[in-house]
Structures are given as C-alpha cells and as structure tokens.
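The entries follow in the order in which I checked them.

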Amino acid sequence: MLTPTLPETKPIKLSVRDMAFSYGPKKILDGLSLDIHAERVTAIIGPSGCGKSTFLKCFNRIHEVAADVNVGGDIQIDGVDIYRGGIDVVDLRRRVGMVFQKPNPFPKSIYENVAFGPRLFGVKDRATLDGIVEDALRKAALWDEVKDRLKESASGMSGGQQQRLCIARALAVNPEVLLMDEPCSALDPIATSKIEDLIGELKESLTIVIVTHNMQQAARVSDYTAFFWLGKLVEMDLTERIFTTPRVQMTEDYITGRFG
Amino acid sequence: MRQFDTELKELREGIMAMAGVAEEMLELTIQALAEPSQAKADQVNHLDRRMDEWELKLDQQCIDLLALRNPAASDLRRIASSLKIIPELERIGDHCCNIARRVGMVHPPILAGNDLERLGTETRSMVRRAVDAFVSNDAALAHAVILSDDSVDALYGKLYRDLLRSMLADPLCIERASHLILVIKNWERIADQATNIAEEVLFILEGRSAKHTYLRGDSVE
C-alpha cells in the first residue's frame with residue numbers, strides 16, 4: 001500500500017487500520033489502512049465492485065441495517081473507535097452525514113426535509129428551526145432558489161436541486177464529515193458543476209469523502225485520491241500526483257482507461 | 001487498439017516525421033557549409049516550410065487530444081511534453097535556415113582544422129539521439145544527450161575564441177568571422193534545443209522535471 005508522503009497541516013479526522021469487511025462468507029474489503037484528513041476532500045476511485053461504497057458506509061455504520069455483516073480492524077473518528085469506542089450510533093450518524101447517488105428527498109415539503117434531522121435531535125422552537133433550515137439551505141447553495149416555496153413538495157424540484165436539498169438535509173444536523181456516494185451520477189453537467197462548487201465551499205469546515213466513477217470529477221474536486229481494487233487499497237496520494245505521476249502501474253492503467 | 005491509443009500513436013509518428021525533416025535540414029546544413037553549396041542551402045530553406053506545416057498540424061493534434069480525451073498520468077505527460085518538443089524542433093529548423101543563409105559569406109575558410117564541422121556533427125548527433133530517446137522511451141540516452149551539451153558548449157567557446165583571434169590578426173576576415181560567429185551560435189542553440197527535448201523525454205518517462213535541477217528541493221509556492 002502506498003500513502004502520501006507530503007506533510008499535511010490538517011489533523012487526521014478518520015483513521016482506518018487493517019480494516020476488513022464481509023457479508024457472510026463474501027469478503028468485500030481486506031487489509032485496508034488509510035488516513036483521511038479534516039477539511040480535505042478525499043476521493044475514492046476504482047472499478048465497480050471494488051468496495052468503494054461499502055468502505056464509505058462503514059464510517060457511519062449505515063451498513064448495520066444489513067444482516068450477517070462482519071467488520072474487522074479499527075476505524076476511528078478523532079481518535080475514538082467507532083465500533084468499540086462506546087459511541088452512540090445515532091450521534092455518529094449525526095456527525096457523519098451521507099448523500100447518495102440518487103437524490104432521495106422525503107415526500108415532504110422542502111422545509112420539512114431540512115428540518116427533519118434537527119427535529120429528530122429535539123429542536124422544537126420554530127424560530128430556531130427556521131434559522132437552521134435557512135442556514136443549511138444557504139450552505140447548500142439552494143436558499144435563493146427555494147426561499148419563496150419552502151412549503152412546496154420537494155418532489156417538484158429538479159434532480160440537481162433535490163440533490164442539494166439532500167446535502168442541506170445532511171448539513172442541518174451540523175455534521176463533521178460528509179460522505180458522498182457518487183452524488184452527481186444522476187445529474188446533468190450544470191447541476192454537477194453546482195455540486196462540485198459546493199464541495200469546494202463545504203470543505204472549509206467539513207471533512208468530505210466522495211466515491212466517484214467520474215475520474216475528472218475526482219481530479220476536479222478532491223485533495224487526495226485513493227484507488228481501490230478488489231477490496232484493497234492500491235495507492236493513495238495527493239490527487240495531482242495520482243493524475244500526473246501515479247506510483248503504481250495498476251493505478252496508471254485504471255486512470256488512463258487501460259485497465260483489464 | 002483503443003481509438004485513443006491510435007491517436008497517441010499518430011501524434012508520436014507525426015513528431016517522428018517532423019524530427020526526420022529536422023535531421024534532413026541538419027545534414028544539408030552541414031554539407032552546404034562544408035562544400036560550400038548554395039543549392040543545398042536553398043534546400044534547407046525550402047524544407048523549413050514543411051517544419052512550419054508540421055508544427056501547426058501537431059499543435060492542433062495535441063490540443064484536440066487534451067480537449068477530447070482528458071488524458072491523465074503518462075498520457076498527459078506525453079501530450080504536454082509533445083507541446084514543448086514540437087516548437088523546439090521548429091526552432092531547430094529556423095536555426096538551420098540562419099546558418100544556411102550565411103553559406104556564401106563565410107568562404108574562403110578562416111579556421112584550420114575540423115572544429116567547425118565537428119560542432120555541426122556533434123550537434124546533429126545530439127538532436128538525433130534526443131529524438132531516438134523520445135521514440136524508444138530511452139531515459140539513459142536522454143541523460144547522455146544532456147551531458148553532451150557541455151562538450152558542444154566547450155567546442156563553441158573554443159571556436160569563438162579562435163575567431164576573435166583571427167579577427168585581431170587579420171582585419172580583412174572580420175566580416176566572414178562575424179558571420180561565422182553567428183553560425184556557431186546557431187549550432188550551439190540547436191544543441192540547447194536537443195537538450196530541451198531530452199529533458200522533456202525524461203519528464204515523460206520519469207514524471208519529474210529534469211530542468212533546472214539546481215532548484216530541486218526548493219519549493220515554489
């Protein structure tokens with residue numbers, strides 16, 4: 001495994017050591033070790049089935065909704081083991097938000113989508129909720145487009161708006177980490193560009209891990225890129241290095257489209 | 001073969017063809033000076049148009065590949081370096097024309113010995129080996145070309161001093177010697193261009209700049 005060699009000023013937010021993951025007898029991830037730095041965007045790339053999305057889900061234990069799952073090794077957030085460190089899983093999912101490939105707004109109003117998380121965590125005061133909703137929608141670069149129709153159904157929004165609404169919904173509970181699983185794969189280039197700009201703004205205060213099949217997207221938005229293959233980390237480095245001078249031939253073959 | 005690989009191969013073959021014209025110009029320039037032959041000097045000038053045509057065509061090929069293929073890693077390095085190698089070859093053609101233009105102005109010979117001819121053949125050899133290194137992905141050969149530049153520089157320095165001495169000794173040869181100083185300066189520049197090509201080959205193969213190595217370790221923010 002190759003990991004970056006340059007000095008990094010941001011602290012390690014997520015640390016993974018010798019991680020393994022299996023569904024029943026099927027091993028998905030094996031021997032994974034890497035560090036993810038705070039306020040940086042880390043892109044995970046690799047062919048379909050290499051374990052990228054599974055890896056992402058381990059950070060907020062969302063995979064636990066499936067039966068017969070085994071996770072080995074250590075995954076730490078701010079130095080605390082998220083599997084054995086006595087962490088409350090609901091609080092973990094507040095700290096580590098997630099945005100999926102297909103926008104999945106609740107069948108509620110725009111306002112209620114964003115207010116859903118804060119309400120779950122006990123915010124009842126209307127004025128406080130209004131403030132949280134506006135703040136989250138502003139951070140998701142959506143406020144100006146929806147401020148006059150907050151009570152309308154989210155399902156009437158465009159795909160790109162729905163995805164930004166999902167980001168706003170995640171931001172409303174003030175997360176520290178945002179996991180994005182191919183967030184633009186269902187979006188057109190303009191909506192994609194808006195999400196990518198947003199990622200650049202959000203990383204000022206968030207740690208972002210993004211899974212993408214779009215190599216150019218990884219190059220555009222991320223500070224670090226990790227290349228996975230068959231459940232293992234092949235190489236991780238500064239994105240500019242991965243895309244100009246990767247150290248492992250397999251990485252080179254993958255990003256130049258000569259893989260397999 | 002993938003379409004992209006075919007396009008990269010076409011770019012590579014185009015650069016080889018352009019380099020072939022450059023080598024032909026170098027050979028004709030050496031002969032035009034030595035014989036001397038105005039006909040060969042005219043041929044050099046005639047070939048320069050082909051170099052210019054190649055430059056425009058290959059530049060466009062590189063831009064198209066960058067725009068349409070989003071190249072990465074070694075593909076990106078090869079295309080980026082091709083964009084630098086192409087104008088180096090074109091300048092080599094221009095320097096050959098500068099030398100060929102003076103063929104009729106530097107005879108009868110001022111200098112004894114074969115240093116002037118050697119400057120031409122050593123320079124031509126550097127260009128040939130730099131192009132060979134590009135074609136055959138040969139880092140060792142590229143390193144050797146870069147080292148050869150010192151020898152050409154030394155020969156240029158010697159010839160320059162010899163010409164100054166000749167001018168001091170015989171003012172009647174000043175005009176011819178002045179033209180010869182420009183001739184040797186052009187040869188020396190061609191050797192620099194071969195060095196630049198070799199440096200680009202090393203960048204393609206090794207992924208780090210081979211230029212200004214004295215700055216290595218210093219970071220530029």
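At what angle do the axes of helix α3 and helix α4 of chain A cross, and within what distance do they come? I am working from a predicted model, in which local features need pLDDT of at least 70, side-chain atom pairs count only at pLDDT 80 or more, and totals for chains, interfaces and linings use all residues. Residues are numbered from 1 along each chain as its sequence is written, chains are lettered from A and ligands numbered from 1 in the order written, and side-chain values use heavy atoms without hydrogens or water.

I find that the axes of α3 (residues 110-120) and α4 (residues 126-139) of chain A cross at roughly 115° and come within 9 Å. Axes here are lines fitted to C-alpha atoms, for helices over the stretch in contact, with angles from 0 to 180 degrees between N-to-C directions; helices (H or I, at least four residues) and strands (E, at least two) are DSSP runs numbered from the N terminus.

For the contact itself (heavy atoms within 4.5 Å), I listed residues including A:Tyr111 and A:Val114 of α3(A), which meet residues of α4(A), among them A:Leu129 and A:Ile132.

I then turned to the sheet, where six strands of chain A form an open, mixed arrangement in the order β6-β7-β8-β3-β9-β10, with pairing requiring at least two DSSP bridges between two strands. The edge strands are β6 (96-99) and β10 (232-238) of chain A.

Four bridges join β6(A) to the parallel strand β7 (residues 177-181) of chain A, and A:Met98 has A:Leu179 as its bridge partner in β7(A).
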